[in-house]
Amino acid sequence: MSKTNNLLLELLHISDPTLPIGGYSHSNGLETYIQQNIVKDVDTTAEFVRNMLNYNYKYNDGIFVRDAYYAAQKNELSSLLDLDNECHALRAPMEVRDGSLKLGVRLLKIYVRLQDHELLHSYYQQVKEKETPGHFPVAFGMITALMGAEIVDVLSAFYYNAAVNMVTNSVKMVPLGQMDGQEILYKLHDFIDKVAHETLTIDEELRGLCNPAFDIRCMQHEHLYSRLYMS
Amino acid sequence: MGRYSVQTDLYKDITILKDTYFTPPFNVVEVRENKKNPLLELMIMSSSPGFFNNDNYQIDIKVKKETLLNLQTQSYQRIYDTPDGAQQHMRVNVECNAYFSHLPHPSVPHKGAIFESDNRIYLSDTSVLIWGEILACGRKLNGESFAFKKYRSLTQVFRKDKLLYKDNLYLNPSKVNYKTMGQYEEFSYQANFICVDPHHSPKEHMANMAEKLEGEEDIIFGFSQISDDACVLRVLGNSGEQLFRALKKIQKQLDKQAGDLRQQQIDLKI
């Protein structure tokens, strides 16, 4: 299929929260925080989103987007498979792991129809044959590298997509006003830019940083009495 | 550099300490009370009160096939002011149908401590691993909560050389705000516990964890399945003693279960 020369449109497409990969159905522990009345208003929602981006997404997702992006640029399938396996081994909460897999596999299914890069198809083949799990950050990094997008734009798009999902879920669940949600999101722009730039030079010691309370709330989600979200 | 190594073997179906080597400050001592218990219980004694500047401990554990080992520590692991850092490297190899259980006392990094621990555990398809670690915020009663400079414990579990589980417990108060949402929040102790057990379902393990932790106050915890035969427990609390005691209860039951199961197999052979 032909490829547009407008990379902005390509990035907008892949990071669109309405992309049918199911991003909206995962809360990654937010639902537990809300049921436990810890996230309950604009301030606590903003704190949740910022901390998720700064401590969880950056070290457990963004770093894999970055490394998968560079591996794809070098056409290194084996590096992508190693990253995918590491991504899997780091995700202790089952629902978070499954969520990342669902998003990753659906993203791949869309893009193998749209792009004919050999690396993408080889990687997808490995996923189909269950030789590799197919995690979302790895798939996202690989596909955006193959588009030819710039790494900071890729990371910004990735974090923006995560932030939109968190804010949209908060608006529904806390609940917050639509304007409150938009205000949180708008005020995050500089922060997302900062996190995206920091991702380029993450200290390897922080790779896969354990976020104990986030992990526990994600694990507790499996046992909540009522659940609207899959994680 | 301090070093110890341990290798198990079977003698008449009972696990024995086949080989050990240690340098100061360590000593390896058998603490199994019932000599007929198939599970070998070893304690690592240390003449040092903890880690000092530039200490580097190397630990090598080989749990040979069909053997069962519980490796214990003697007391809390203190890490003193270590401007140039202190390190520990632990390599564990658990062979086929072998069982390894290890829950060291909590680590207590003092003010100014810089510590890195690298644990690599290699399993076969039929190995059982029971592994826990507890980190204290420091000498809380001395007003030293999170006064250390850096604490990092990287644990990687490999099965047939493929990475199964990776945990990067990293605390650096200058880089990560530990009191914030998602980190330690209002707590000051963290415990992690992993069970890899192809002989029992993770559901059984998680039910055991839930039962043992149910009555504990002032903690939050969660457990989750990480594969068809493995699960992880994470706990945050405000007392190292409480977390150690609670995890010890879980571990004790699993050790007993493993010993009893092996005894049944021995009885059947006879």
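This is a predicted model: local features need pLDDT of at least 70, side-chain atom pairs count only at pLDDT 80 or more; totals for chains, interfaces and linings use all residues.
Let me start with two helices in chain A. Helix α3, residues 42-73, packs against helix α4, residues 77-90, at an angle of about 170°, and their axes are 9 Å apart. Angles over 145 degrees count as roughly antiparallel, so α3(A) is roughly antiparallel to α4(A).

Which residues make the contact? On the α3(A) side they are A:Asn60, A:Phe64, A:Asp67, A:Ala68, A:Ala71 and A:Ala72. On the α4(A) side they are A:Ser79, A:Leu80, A:Leu83, A:Cys87 and A:Leu90. By class, that contact has eight nonpolar residues, two polar and one charged.

Next, the two chains. Here 28 residues of chain A are in contact with 28 residues of chain B. On the chain A side, α3, α4 and α11 (212-221) each supply at least two residues. Which of them gives the most? That is α11(A), with seven residues. The chain A side that touches chain B divides into 16 nonpolar, six polar and six charged residues.

Now to chain B. It has an open sheet of seven strands, in the order β2-β1-β6-β9-β12-β14-β15, with mixed pairing.

One pair within that chain to finish. Strands β12 (residues 114-123) and β14 (residues 150-159) of chain B run parallel and are joined by 10 bridges. As an example, B:Phe115 has B:Tyr151 of β14(B) as its bridge partner.

Key: Residues are numbered from 1 along each chain as its sequence is written. Chains are lettered from A and ligands numbered from 1 in the order in which they are written. Axes are lines fitted to C-alpha atoms, for helices over the stretch in contact, and angles run from 0 to 180 degrees between N-to-C directions. Helices (H or I, at least four residues) and strands (E, at least two) are DSSP runs, numbered from the N terminus. Angles under 35 degrees count as roughly parallel, over 145 as roughly antiparallel, 65 to 115 as roughly perpendicular and the rest as oblique. Two residues are in contact if their C-beta atoms, placed from the backbone, lie within 7 Å. Ala, Val, Leu, Ile, Met, Phe, Trp, Tyr, Cys and Pro count as nonpolar, Asp, Glu, Lys and Arg as charged, and the others, Gly among them, as polar. Two strands pair if DSSP finds at least two bridges between them.
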